[in-house]
Each structure stands twice: as structure tokens, then as C-alpha cells.
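Morning, everyone. Let me put the structure up, and then we go through the side chains.

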Amino acid sequence: MTIIQDSNNDLIFYASSSLTSPYYLVRLVNKITAKEFIFLDQSPVACPFISLELNEVGKDGVEDPLTASIKVDTGSYDIYLYDQASSTNLDYTLTNSLLFEGEAYVYSDEDLDRTFL
């Protein structure tokens with residue numbers, strides 16, 4: 001999964017929830033520093049996949065993890081998707097269940113420009 005800084009990112013997870021109208025908590029854990037980034041979103045699509053939108057706000061943006069607007073450092077991450085009934089809980093240990101785990105990579109615009117030269 002790829003996330004670009006200072007952009008709206010569509011994140012697609014092949015998973016489904018047993019909850020009615022769940023909120024999804026996404027947790028990114030940097031593989032080197034173990035720094036965590038967490039946000040919430042609700043998916044308009046529930047099966048066979050979950051589609052979420054992450055607004056990576058960039059260095060000057062305003063963060064609001066309850067509306068999926070966060071700053072994320074560049075790097076390699078483990079990504080986890082949890083479902084829950086709460087629209088305000090940001091503690092993954094209090095969620096209903098872990099639905100997905102995988103890898104994500106966060107790039108800056110400059111990284112992408114150099115990659116595709």
C-alpha cells in the first residue's frame with residue numbers, strides 16, 4: 001500500500017466487518033522507529049473490500065485523526081485495520097477486532113519525482 005505525503009490517499013483493504021455501520025481505526029507503525037500514527041474513517045463500501053480516504057496533511061497542515069487527517073513521516077510501515085462502533089476511540093486495544101495487517105510505504109512528492117526520472 002502506498003501513501004503520498006500532502007495528498008488525499010485512497011486506501012483499499014480486502015476485509016469485511018461483522019459490525020453494522022462500523023468505524024475503522026487504521027494504525028501505522030514505522031518499521032525502524034516504531035512511531036505510531038492512528039486515524040479513524042468510515043467506509044461507504046463494506047464488502048468485499050473497505051475503502052478509506054487518508055488526508056496526509058503535509059508539514060503545514062492541521063491534523064485531526066478523527067476525520068482521517070494526519071501527518072505521517074516517510075518510511076516503511078506495518079499497517080493494521082480494526083473495526084469498532086465508536087466514532088471517537090483512538091486506542092486500538094479497545095476496538096472490536098483486527099481485520100487486516102500488511103505493509104505500507106509513505107513517500108514525499110520529492111521521493112516520487114526522483115523515483116520516476
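Leaving aside its neighbours within four places in sequence, which residues is arginine 27 in contact with? The answer is Glu36, Phe37, Ile38, Asp78, Ile79, Tyr80, Tyr82 and Tyr92. Contact here means heavy atoms within 4.5 Å.

Ground rules before the details. This is a predicted model, so local features need pLDDT of at least 70, side-chain atom pairs count only at pLDDT 80 or more, and totals for chains, interfaces and linings use all residues. Residues are numbered from 1 along each chain as its sequence is written, and side-chain values use heavy atoms, with hydrogens and water left out.

Back to arginine 27. It lies in strand β3, residues 23–30. Strands are DSSP E runs of at least two residues, and helices are H or I runs of at least four, numbered from the N terminus. Arginine 27 counts as buried because its relative accessibility is 10%. The cut-offs: buried is under 20% relative accessible area, exposed is over 50%, partly exposed is in between, with a 1.4 Å probe and protein chains only.

Now the rings. Arginine 27 lies over the face of tyrosine 92, at 3.7 Å from the ring centre. It also lies over the face of tyrosine 80, at 4.8 Å from that ring centre. The rule for a charge over a ring: NZ of Lys or CZ of Arg within 6 Å of the ring centre and within 35 degrees of the ring normal.

Next, polar partners. The side chains of arginine 27 and tyrosine 82 make a polar contact of 2.9 Å. With the side chain of glutamate 36, arginine 27 makes a polar contact of 3.3 Å. A polar contact is a pair of N or O atoms within 3.5 Å; within protein, one must be able to donate a hydrogen and the other to accept it, and residues adjacent in sequence count only if both atoms are side-chain atoms.

Arginine 27 and glutamate 36 also form a salt bridge, with the closest N and O atoms 3.3 Å apart. That term needs a side-chain nitrogen of Lys or Arg within 4 Å of a carboxyl oxygen of Asp or Glu. Glutamate 36 is partly exposed, at 37% relative accessible area.

How many salt bridges does this rule give? Four. Let me take two more of them. Aspartate 78 and lysine 31 meet through their side chains in a salt bridge, 3.7 Å from N to O. Aspartate 78 is in strand β7 and lysine 31 in the loop between β3 and β4, so this pair ties together parts 47 residues apart in sequence. Lysine 31 also forms a salt bridge with glutamate 103, closest N and O atoms 2.8 Å apart. Glutamate 103 is in strand β8, residues 97–107, so this pair ties the loop between β3 and β4 to a part 72 residues away in sequence. Shared partners join Lys31, Asp78 and Glu103 into one network.

How exposed are these three? Aspartate 78 is partly exposed because its relative accessibility is 25%. Lysine 31 is partly exposed at 37%, and glutamate 103 is partly exposed at 40%.

On to aromatic pairs. The whole structure has four. One of them is phenylalanine 37 with tyrosine 77, edge-to-face, 5.9 Å centre to centre and 70° between the planes. This pair links strand β4, residues 36–41, with strand β7, residues 75–84, across 40 residues. Phenylalanine 37 and tyrosine 77 are both buried. The criteria: rings of Phe, Tyr and Trp (its six-membered ring) pair if their centres lie within 6.5 Å, with planes under 30 degrees apart stacked, over 60 edge-to-face and the rest tilted.

Strand β4 is largely enclosed by the rest of the structure, because five of its six residues are buried. It runs antiparallel to β3, with six bridges joining them. Strands pair if DSSP finds at least two bridges between them. In β4, phenylalanine 37 stands opposite leucine 28. The hairpin of β3 and β4 has five residues between the strands, and there alanine 34 takes a positive phi near 65°.

Last item, the open sheet. It has three strands in the order β2-β5-β6, with mixed pairing. Its edge strands are β2 (7–13) and β6 (69–70), each pairing on one side only. Strand β5, residues 50–56, runs parallel to β6, with two bridges. Asparagine 55 has serine 69 as its bridge partner in β6.
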